[in-house]
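Visitor: Hi! Could you walk me through the charged pairs in this one?
Guide: Happy to. Here it is.
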Amino acid sequence: MAARKGRRRTCETGEPMEAESGDTSSEGPAQVYLPGRGPPLREGEELVMDEEAYVLYHRAQTGAPCLSFDIVRDHLGDNRTELPLTLYLCAGTQAESAQSNRLMMLRMHNLHGTKPPPSEGSDEEEEEEDEEDEEERKPQLELAMVPHYGGINRVRVSWLGEEPVAGVWSEKGQVEVFALRRLLQVVEDPQALAAFLRDEQAQMKPIFSFAGHMGEGFALDWSPRVTGRLLTGDCQKNIHLWTPTDGGSWHVDQRPFVGHTRSVEDLQWSPTENTVFASCSADASIRIWDIRAAPSKACMLTTATAHDGDVNVISWSRREPFLLSGGDDGALKIWDLRQFKSGSPVATFKQHVAPVTSVEWHPQDSGVFAASGADHQITQWDLAVERDPEAGDVEADPGLADLPQQLLFVHQGETELKELHWHPQCPGLLVSTALSGFTIFRTISI
């Protein structure tokens, strides 16, 4: 693999990219598997995870799959790299029946790194020590659940001062806000958790609910600059602004922002301007808005055909004037907001071979982002990377020559990937949700 400006570009994956033959009589060397490129797996071949490509790798399941989740910022400190790690997630289920759904708080802890492979000639005593070590290294999960009628389409968490809350889009057409403090408390204490599940969980209700969208939706974003300010967008093309009021409630403007002609798929507040936000839609457009104008006149900039089809997801960089988008066409596009009027992205990447389901900029590294797709891939990218002409990866495997040079890593092994997030306090740590469950990992590339 090529070395690239201090990063290792890796095309092995989690449940990943090395194809091995099941026929041991004619076993050849392991080969790099490139999803969507080159020949498919042959009979008898299987994908084998290259654990050396991961600093940390864990999986978790919660029963019913979760379409959406968010990472809860905690008080354990920023820039945490020392293992084992602890993290908190708020997630919502998509169960088969409406009454079986839950809003959940997950505390994952004792997350150790991947183990180095055993050395040759290790004796029985070393193996016994490894077994004891394995027991101590087992990851732990505490889970507090609240009943929720209807599947949860999207969850986004914010702190209102010292109070953590979750905005929840329900498939039943309501947007609700839940207080999370009690859930965060009980996942720290097994006895408190047992008492909560026995006596309290059924009584937990949202602190606010809005049913004015006239149908379900997915788009939802808390302002990073104005505490409690919220945007919600629905499948009926409408976007509503929530303004916090005294007493811990909200005023929701009944006048929707007018512009999109089909479902609003995602919303992102500007990280630098209090009143500006971006939206994307199944009408193929991306729009930039300013809430200081009347809702019918608030759309300031439009790229009408941002993708060939639905624009599913967007992410606004916290460090550069860039907007990242992913669409049903499988493309990832980067838009320089200083040139947005041109209608042309400054970069387009085509690695995914199915709709892109999630995108997010790295919270600390301005040129790095990640994406997930319906092709069961998570990709990691670095805009600063250029191909090293002296590196031997292309000569060793000509198939790599077709890969975008900014592509750092391809992770596989998940089924129907839905959403991913970088952990804002643990550099390089990615968390994803899929039909197959949650995956928490950090690669050697980031």
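Visitor: Let's start with R338: buried or exposed?
Guide: R338 is exposed, with a relative accessibility of 62%. Keep in mind that this is a predicted model.

Visitor: And which residue does R338 meet in a salt bridge?
Guide: That would be D336, with N and O 2.9 Å apart. D336 itself is buried, at 6% relative accessibility, because that value falls under the 20% cut-off.

Visitor: Nice. How many salt bridges are there in the whole structure?
Guide: A search of the whole structure turns up 16.

Visitor: Which residue pairs with R59?
Guide: R59 has E414 as a salt-bridge partner, and their closest N and O atoms lie 2.9 Å from each other. This pair links distant parts of the chain, since the two residues are 355 residues apart.

Visitor: Where do R59 and E414 sit?
Guide: R59 belongs to strand β6, residues 54-60. E414 is in the loop between β30 (407-411) and β31 (417-422).

Visitor: What about accessibility for those two?
Guide: E414 is buried, with a relative accessible area of 4%, whereas R59 is partly exposed at 36%.

Visitor: Switching topic: what do D199 and R198 do?
Guide: Their side chains form a salt bridge, at 3.1 Å from N to O. R198 is exposed, with a relative accessible area of 61%, and D199 is partly exposed at 45%.

Visitor: Last one: which residues are linked in a network of salt bridges?
Guide: R107, E142 and E188 are joined in such a network.

Notes. Residues are numbered from 1 along each chain as its sequence is written. This is a predicted model: local features need pLDDT of at least 70, side-chain atom pairs count only at pLDDT 80 or more; totals for chains, interfaces and linings use all residues. Side-chain values use heavy atoms; hydrogens and water are left out. A salt bridge is a side-chain nitrogen of Lys or Arg within 4 Å of a carboxyl oxygen of Asp or Glu. Helices (H or I, at least four residues) and strands (E, at least two) are DSSP runs, numbered from the N terminus. Buried means under 20% relative accessible area, exposed over 50%, partly exposed in between (1.4 Å probe, protein chains only).
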